[in-house]
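Me: I would like to go through this chain with you, starting from its overall organisation and then its packing. Please have a look at it first.

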Amino acid sequence: MAADPAPAGCDVLRFGELECNRRSRQVLLAGAPLPLSTAEFDLLWLLASRAGEVIGRESLLESLRDLGFDGEDRSLDARVSRLRKKLDERGDLDRIKTVRSQGYLFRPGDSA
């Protein structure tokens with residue numbers, strides 16, 4: 001499996017009102033728990049730990065499942081969609097962006 005991209009010893013990431021705790025595997029948004037599946041948390045942590053950087057689909061799939069991208073797998077898109085919906089429902093709009101033909105980007109700043 002690919003190495004964890006979070007800085008060594010980093011267990012909490014904060015972006016405005018969004019807080020991700022790797023040790024407890026909890027996410028808080030505006031102080032309230034955001035219920036995520038294990039797969040959704042793993043995706044959010046991976047994207048947030050590389051905030052501001054476009055991460056390719058193949059790299060995400062390899063990091064999350066230790067599998068190569070076959071061009072047909074849409075499970076990552078479904079996972080991103082579910083994660084976006086949960087964030088959007090709680091007011092954290094447009095945090096995860098699709099960068100066409102490149103991958104996904106976690107926006108570290110406040111959403112515009």
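Me: What share of the contacts in the chain with a separation of 6 or more comes from residues 24 or more positions apart?
Reply: Such residues account for 47% of those contacts, where a contact means heavy atoms within 4.5 Å. Please note that this is a predicted model, in which local features need pLDDT of at least 70, side-chain atom pairs count only at pLDDT 80 or more, and totals for chains, interfaces and linings use all residues. Residues are numbered from 1 along each chain as its sequence is written, and side-chain values use heavy atoms, with hydrogens and water left out.

Me: How many helices and strands are there?
Reply: The chain has 3 helices and 7 strands. These are DSSP runs numbered from the N terminus, with helices (H or I) of at least four residues and strands (E) of at least two. From the N terminus, their order is β-β-β-β-α-β-α-α-β-β.

Me: And what percentage of the residues is buried?
Reply: Of the 112 residues, 36% count as buried. Buried means under 20% relative accessible area, exposed over 50%, and partly exposed in between, with a 1.4 Å probe and protein chains only.

Me: On to the sheet: in what order do E5, E6 and E7 lie?
Reply: The 3 strands form an open, antiparallel sheet in the order E5-E7-E6. Strands E5 (54–55) and E6 (96–99) are the edges, each pairing on one side only. Two strands count as paired if DSSP finds at least two bridges between them.

Me: How many bridges does each pairing have?
Reply: E5 and E7 (residues 103–106) pair over 2 bridges, with valine 54 opposite leucine 105. E6 and E7 pair over 4 bridges, and threonine 98 stands opposite tyrosine 104 there. In the hairpin of E6 and E7, 3 residues lie between the strands, and serine 101 takes a positive phi near 65°.

Me: Which helix lies across E6 and E7?
Reply: H3 does, running at about 145° to E6. Angles run from 0 to 180 degrees between N-to-C directions, and axes are lines fitted to C-alpha atoms, for helices over the stretch in contact.

Me: How do H1 and H3 pack?
Reply: Helix H1 (residues 38–48) and helix H3 (residues 75–89) pack at about 85°, with axes 10 Å apart. They are therefore roughly perpendicular; the classes are under 35 degrees for roughly parallel, over 145 for roughly antiparallel, 65 to 115 for roughly perpendicular, and oblique for the rest. Ala39, Glu40, Leu43 and Leu44 of H1 meet Leu76, Arg79, Val80, Arg82, Leu83 and Lys86 of H3. That contact has 6 nonpolar, no polar and 4 charged residues. Here Ala, Val, Leu, Ile, Met, Phe, Trp, Tyr, Cys and Pro count as nonpolar, Asp, Glu, Lys and Arg as charged, and the others, Gly among them, as polar.

Me: At what angle do H2 and H3 cross?
Reply: Helix H2 (residues 57–65) and H3 cross at roughly 85°, their axes coming within 10 Å, which makes H2 roughly perpendicular to H3. Arg57, Leu60, Leu61, Leu64 and Arg65 of H2 form the contact with Ser75, Leu76, Asp77 and Arg79 of H3. By class, these are 4 nonpolar, 1 polar and 4 charged residues.
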